[in-house]
Amino acid sequence: MAKSEPQFMPARFERITKCRACGADKLTPFLDLGVTPFADRLVELHELHDPEPAAPLTVAFCEGCSLVQILDTVEPEDLFDRAYPYYSSFSPALLDHSRENVLDIIDRRTLDESAFVIELASNDGYLLKNYVDAGMRVLGIDPAPGPVAAAEEAGVSSMLAFFTEELADRVAGEHGRADVIHANNVLAHVADTNGFVAGISKIVKDDGVVVIEAPYVRDLIDHVEFDTIYHEHLLYLSVTAVDHLFRRHGLYLNDVKHLSIHGGSLRYYFEPQENVGKAVKTLLREEDELGVNTIKFYTDFSSRVDTLRSDLKTLLISLKEKGASIAAYGAAAKGATMINCTGLDTSILDFVVDRNTHKQGKYMPGGKLPVLPPEALVERKPDYALMLAWNFADEIMRQQTAYREQGGKFIIPVPKPRIV
Ligand code: DWN
């Protein structure tokens, strides 16, 4: 029997006409991923046949400040609600990465126990706990109740709130300004882009540093990482666009590091004093030479995405036609975009596994893949597993030696679908 199409209902969203950062009305769309459900809104068993909230997913380039952004802003409360399932600590690679970040900052800034560190989007305390272990005062700020409760449980003092410019005044008054501000993978999530950055400038000390990590739009385009596009991610950042945005609020991009995490990210270092270093100048020059600050860099992306989706679906269907069984690994937000924009549902993928216990027993949005513990790969022996959490592929494949020894094979979807 033909699979029924996922049922969606219109969500609460607003379409922008002006750039989220500079306000210019020069937004040029270059990728339309259609109407999709919310990537981190896993479906409970009792909701399985209910229509899911969904919104258009269209990506545009600002000719004014080079910022890449989606055109529709979904109500934040609908995205980051009580059931928001993302807990950073389920990714050992991310924990190691965060520890390296903290130890590097403690060393670079010669911090001692008098230091005060704030993290915006502190989740379950995965990063701040490293400062707590070093005897420093911390404050986490995050809107998701589950992760905040987990942070408090881990001894990381946290505030349940969305960070805004107004909240910044309160934090500076009640807690003082910080030596270090961390904000990893959050800038892109905030609808009030300028308010968020203005708030940051109010809570960092004059001799402090703001350390921000975010996926790099150059890597997204170069490696066809279209699945990292979803409603939580309003912005897709380049050095050029970020430099414009922070200068507007008196923060100077003085250093930057290119990292492999999350498919390619940048770690930006901002300070209230201008002292732009070589690494920033190099990336700004490269972006200029490549045209990352022009629409030309993005115009063929849509056709490259179409090719990847078609190649992946053709590969999976050909395997199914030969009698193979296929599952997936990683009930990741990016996995939701991948399955829903490629038309992968339970007619092709039997189930998805994930270590995050808050996701197990639920179903992925749209394609409704049941989420099981990773042990299901060895127990149910699918011939293939589509690696939806490809950014952690090495670590996951190391963990899944038993599955691979019994003949199981992984399929990596980006930048080109391939069996490994
Ligand atoms: O911006 C965001 C990124 C940074 O993290 C958030 N909006 C949401 C989230 O996106 P994501 O869900 O695509 O991120 P991850 O961390 O790539 O998702 C990995 C998934 O795989 C998680 O559900 C955890 C799971 N996992 C696992 O089951 N076994 C991860 C590892 C490393 C593992 O060994």
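**Burial, contacts and backbone angles in a predicted model**

Trainee: Why is A331 called buried?

Mentor: A331 has a relative accessible area of 1%. Buried means under 20%, exposed over 50% and partly exposed in between, with a 1.4 Å probe and protein chains only. The value for A331 is 1%, so A331 counts as buried. The model is predicted, so local features need pLDDT of at least 70 and side-chain atom pairs pLDDT 80 or more, while totals for chains, interfaces and linings use all residues. Residues are numbered from 1 along each chain as its sequence is written, and side-chain values use heavy atoms, leaving out hydrogens and water.

Trainee: Where does A331 sit, and how far is it from C341?

Mentor: A331 is in the loop between β15 (326-329) and α11. Helices here are DSSP runs of H or I with at least four residues, strands are runs of E with at least two, and both are numbered from the N terminus. A331 and C341 are 10 residues apart in sequence, and their C-alpha atoms are 15 Å apart in space.

Trainee: What makes Y329 a buried residue?

Mentor: Its relative accessible area is 3%, so Y329 falls in the buried class. Y329 belongs to strand β15.

Trainee: What makes the contact between N101 and E213 a polar one?

Mentor: The side chains of N101 and E213 are joined at 3.3 Å. A polar contact is a pair of N or O atoms within 3.5 Å; within protein, one must be able to donate a hydrogen and the other to accept it, and residues adjacent in sequence count only if both atoms are side-chain atoms. N101 is in helix α2 (residues 92-108) and, at 0% relative accessibility, is buried.

Trainee: Which residues are closest to the ligand, and what makes a residue part of its shell?

Mentor: A residue counts if one of its heavy atoms lies within 4 Å. For the ligand there are 24 such residues, and the closest are E232, K334, D354, R355 and K359. By class the shell has 10 nonpolar, 7 polar and 7 charged residues. Nonpolar covers Ala, Val, Leu, Ile, Met, Phe, Trp, Tyr, Cys and Pro; charged covers Asp, Glu, Lys and Arg; the others, Gly among them, are polar.

Trainee: Which helices each supply at least two residues of that shell?

Mentor: They are α11 (333-342) and α13 (393-399). The most comes from α13, with 3 residues.

Trainee: Which atom of R355 lies 2.7 Å from an oxygen atom of the ligand?

Mentor: It is a backbone N or O atom of R355. K359 places a polar side-chain atom 2.7 Å from a ligand oxygen atom, and an N or O atom in the side chain of H233 is 2.8 Å from an oxygen atom of the ligand. Taken alone the ligand exposes 700 Å², of which the protein buries 98%; these areas come from the Shrake-Rupley method with a 1.4 Å probe, and for residues only the protein chains shown count as cover.

Trainee: Why are the buried residues of α9 placed on the same side?

Mentor: The buried residues include V280, L283 and E287. They cover an arc of only 70 degrees around the axis, so they lie on the same side of α9. The arc is taken from the directions from the helix axis to the C-beta atoms. The face turned away from the buried side carries the exposed residues K278, D288 and E289.

Trainee: What span is expected for α9?

Mentor: The expected span is 1.5 Å times one less than the number of residues. Helix α9 (residues 278-290) has 13 residues and reaches 18 Å from first C-alpha to last, close to the 18 Å expected.

Trainee: Which kind of peptide bond joins V414 and P415?

Mentor: It is a cis peptide bond, with omega about -5 degrees. P415 is in the loop between β19 (409-412) and β20 (418-419).
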